[in-house]
Amino acid sequence: MTLLDKWRTLRGVVRSLRIYYGRGARRGDMDSLYRQFVRANDLVFDVGAHVGDRIASFRRLGARVVAVEPQPALARTLKLIYGRDRAVALEPVAVGRSAGSVDLKVNPTNPTVSSASDAFIKAADGAPGWEGQQWSKTVRVPVTTLDALIDRYGSPSFIKLDVEGFEVEALAGLTRPVPALSFEFTTIQRELALAGVERCVALGFRLYNAALGESQRLAHAEWQDARGIANWLAALPMTANSGDIYALRSGLTRD
């Protein structure tokens, strides 16, 4: 890695730390959102942990966390922040449909959009809101599965997936029942979001909701069935850009 590459990587990590740890109000909104799914002593999988702002929220709620992040610079950052927390296990790997390895395309100046999906990068090329993004570095990273993580750590109460167009691949490696999960979607790959809902239906999830962008607020007062959330996804304007789909196997009963 050249000195310029190192500088770009460091600048990208610092930028992410400022964005994701910089606002106290955002922390409160995040805790309120995840409190619906996570309780003290629960196990949570944070897949695509990035710089760990969700880890912080899950820990504030008293949960134990398995944090999965394949980007070497971000994995080192997480180790610095959470390496002494015995309730946080760090896994510097990607998650997919089967164990092995994959090429991760890294965006050094905006590491939050680094991706193992060529289709995601192609969809972002020239799309409104994605101007100027460059995936200028490729690293080979190991891949595990959600099932393998469950074998190692136990069954989680909640799984958060944010892996930039690789969500359906990650869900393909899950066959065990879990109470709740979320996965990121983008309007540049709307069909992938619909495929994610279909996969959740096959896994036995019955109720759905969503949060747009980084709002940390559910979009629907009432939880939707799969058709309802699919219709909502299909009707979103392109400018909505991204968000997260939330899926439950049964109703929320953990007040």
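**Cavities, pockets and strands in a predicted model**

Volumes are the space filled by probe spheres set on the points, with grid points joined across faces, edges and corners. The model is a predicted one, in which local features need pLDDT of at least 70 and side-chain atom pairs count only at pLDDT 80 or more, while totals for chains, interfaces and linings use all residues. Residues are numbered from 1 along each chain as its sequence is written, and side-chain values use heavy atoms, with hydrogens and water left out.

The lining of the largest cavity comprises 13 nonpolar, six polar and seven charged residues. In this grouping Ala, Val, Leu, Ile, Met, Phe, Trp, Tyr, Cys and Pro count as nonpolar, Asp, Glu, Lys and Arg as charged, and the others, Gly among them, as polar. A search of the whole structure gives three cavities of 30 Å³ or more. The second largest cavity has a volume of about 80 Å³, and its lining includes E164, G165, F183, E184, F185 and T186. Two or more lining residues of the second largest cavity come from each of α7 (167-172), β8 and α8 (190-202); helices (H or I, at least four residues) and strands (E, at least two) are DSSP runs numbered from the N terminus. Strand β8 gives the most to this lining, with four residues. By class, the lining of the second largest cavity divides into five nonpolar, three polar and three charged residues.

Turning to the open spaces, the largest pocket holds about 460 Å³, where a pocket is an open set of points with protein on both sides within 12 Å along at least five of seven lines. Among the 24 residues lining the largest pocket, Y20, T112, E184, E214 and S242 are the closest to its centre. At least two lining residues are supplied by each of α1 (3-21), α2 (24-34), β7 and β10. The lining of the largest pocket divides into six nonpolar, eight polar and 10 charged residues. The second largest pocket has a volume of about 290 Å³, and of its 17 lining residues T9, L10, V13, A73 and R76 are the closest to its centre. Helices α1 and α4 (72-82) each supply at least two residues to that lining, with α1 giving the most, six residues. In the second largest pocket the lining has 11 nonpolar, three polar and three charged residues.

S242, one of the residues closest to the centre of the largest pocket, belongs to strand β10. At 15% relative accessibility, S242 counts as buried (under 20% relative accessible area with a 1.4 Å probe and protein chains only; exposed is over 50%, and partly exposed lies in between). The side chain of S242 makes a polar contact with the side chain of N241 at 3.4 Å; such a contact is a pair of N or O atoms within 3.5 Å, where within protein one must be able to donate a hydrogen and the other to accept it, and residues adjacent in sequence count only if both atoms are side-chain atoms. Not counting residues up to four places away in sequence, S242 touches E184, F185, T186, L212 and G213, contact meaning heavy atoms within 4.5 Å.

Strand β10 (residues 242-248) is largely enclosed by the rest of the structure, because seven of its seven residues are buried. S242, D244, Y246 and L248 point one way from β10, and G243, I245 and A247 the other way. Strand β8 (residues 180-186) runs antiparallel to β10 and is joined to it by seven bridges, strands being taken as paired if DSSP finds at least two bridges between them. L181 stands opposite A247 in β10. Strand β9 (residues 207-212) also pairs with β10 in the antiparallel sense, over six bridges, and N209 has Y246 as its bridge partner. Strand β8 pairs in the parallel sense with β7 over four bridges, where I159 has L181 as its partner.

Technical notes:
On a 1 Å grid over the protein atoms alone, a cavity is a set of points where a 1.4 Å probe fits but cannot get out, and a pocket is an open set with protein on both sides within 12 Å along at least five of seven lines; lining residues have an atom within 4 Å of a point.
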